[in-house]
Amino acid sequence: MRYSKEHKQETHARIVKKASVRLREKGAHGIGVADLMKEAGLTHGGFYAHFDSREALVIEAFAYAMDRSIEHWRKMAAETPPEKRLSTIVDAYVSAVHRDDPGRGCAVPTLGAEIARESAKTRRAFSAKLDQLIDVMADQIPDVPRKTARRQAMGTLATMMGTLVMSRAAGSGELSDEILASGREAALSRAAKPAAKKARAKVN
């Protein structure tokens with residue numbers, strides 16, 4: 001039976017979406033192609049009708065996850081007053097809800113270490129999406145030169161992502177909650193620096 005181009009595109013998108021969740025839950029090497037295809041209602045043999053390789057699926061699934069994060073951050077920013085955008089993103093990211101639901105969260109804390117050991121092609125795809133995420137964060141830091149905003153965004157992101165990694169490693173008990181609270185405070189402190197500098201400049 002031959003399917004239409006639209007049907008194939010819909011099926012492809014469904015596989016990528018499911019893979020993006022499993023990728024964040026189980027890691028780059030925790031995705032079994034056979035199980036994934038079964039979950040998508042397809043046979044193992046149908047995999048290569050959609051992807052040239054397992055690596056191609058990992059790259060697409062990671063890109064899908066990152067695009068969702070970027071879209072979510074932009075939506076939050078659009079719905080929040082400018083002076084609260086950065087802190088709103090930090091609060092939502094460094095949270096118990098995000099910690100406890102990796103399958104629907106940011107892909108960097110769950111995959112960063114693994115991707116660093118993947119092929120050059122995979123690392124380039126990862127780097128490109130990470131750069132976009134940095135740009136979105138930098139967009140929320142107004143009234144400073146773009147280079148400064150990006151540097152500030154990188155530091156804040158590193159704090160946020162590192163906090164999430166540590167909190168997940170600690171489980172979901174008291175220590176994990178303390179790590180989240182401390183990391184959130186550190187990230188918000190970083191986020192507040194541009195505003196504080198601007199305020200001091202006005203006073204002077």
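User: In which helix does Gln 132 lie?

Analyst: Gln 132 lies in helix α7, where helices (H or I, at least four residues) and strands (E, at least two) are DSSP runs numbered from the N terminus. This is a predicted model in which local features need pLDDT of at least 70 and side-chain atom pairs count only at pLDDT 80 or more, while totals for chains, interfaces and linings use all residues. Residues are numbered from 1 along each chain as its sequence is written, and side-chain values use heavy atoms, with hydrogens and water left out.

User: Why does Gln 132 count as partly exposed?

Analyst: Buried means under 20% relative accessible area, exposed means over 50%, and partly exposed is what lies in between (1.4 Å probe, protein chains only). Gln 132 has a relative accessibility of 35%, and therefore counts as partly exposed.

User: Which residues does Gln 132 touch, not counting residues up to four places away in sequence?

Analyst: With contact meaning heavy atoms within 4.5 Å, and with residues up to four places away in sequence not counted, Gln 132 touches Asp 67 and Ile 70. Gln 132 and Asp 67 are 65 residues apart in sequence, yet their C-alpha atoms are 9.0 Å apart in space.

User: What makes α3 roughly parallel to α7?

Analyst: The axes of the two helices, α3 and α7, come within 10 Å and cross at roughly 0°; axes here are lines fitted to C-alpha atoms, for helices over the stretch in contact, and angles run from 0 to 180 degrees between N-to-C directions. Angles under 35 degrees count as roughly parallel, over 145 as roughly antiparallel, 65 to 115 as roughly perpendicular and the rest as oblique, and the crossing angle therefore makes α3 roughly parallel to α7. Among the residues that make the contact are Phe 62, Asp 67, Ile 70 and Trp 73 of α3, together with Phe 126, Gln 132 and Leu 133 of α7. By class, the contact of α3 with α7 has 12 nonpolar, 3 polar and 5 charged residues, where Ala, Val, Leu, Ile, Met, Phe, Trp, Tyr, Cys and Pro count as nonpolar, Asp, Glu, Lys and Arg as charged, and the others, Gly among them, as polar.

User: How many aromatic pairs does a search of the whole structure find, and why is the pair of Phe 62 and Phe 126 stacked?

Analyst: The search finds 2 aromatic pairs. Rings of Phe, Tyr and Trp (its six-membered ring) pair if their centres lie within 6.5 Å, and planes under 30 degrees apart count as stacked, over 60 as edge-to-face and the rest as tilted. The ring centres of Phe 62 and Phe 126 are 4.8 Å apart and their planes are at 20°, so this pair is stacked. Because Phe 62 lies in helix α3 (residues 54-78) and Phe 126 in helix α7 (residues 120-139), the pair ties together parts that are 64 residues apart in sequence. Phe 62 is buried at a relative accessible area of 2%, and Phe 126 is buried at 11%.

User: What are the centre-to-centre distance and the angle between the planes for Trp 73 and Tyr 93?

Analyst: Trp 73 and Tyr 93 form an edge-to-face pair, at 6.0 Å centre to centre and with 70° between the planes. Trp 73 lies in helix α3 and Tyr 93 in helix α4 (residues 85-93), so the pair ties together parts that are 20 residues apart in sequence. Trp 73 counts as buried at 4% relative accessibility, and Tyr 93 is buried with a relative accessible area of 3%.

User: Why is Ser 167 buried, and why is Asp 143 exposed?

Analyst: Ser 167, placed in helix α8 (residues 146-169), has a relative accessible area of 0% and is therefore buried. Not counting residues up to four places away in sequence, Ser 167 touches Arg 99, Ser 176, Ile 179 and Leu 180. Asp 143, in the loop between α7 and α8, has a relative accessible area of 58% and is therefore exposed. The phi of Asp 143 is near 65°, a positive value in a residue other than glycine.

User: How many residues of helix α6 are buried?

Analyst: Helix α6 (residues 107-115) is mostly covered, with 7 of its 9 residues buried, including Val 108, Leu 111 and Ile 115. What covers the buried residues of α6 includes α1 (5-26), α3, α4, α7 and α8.
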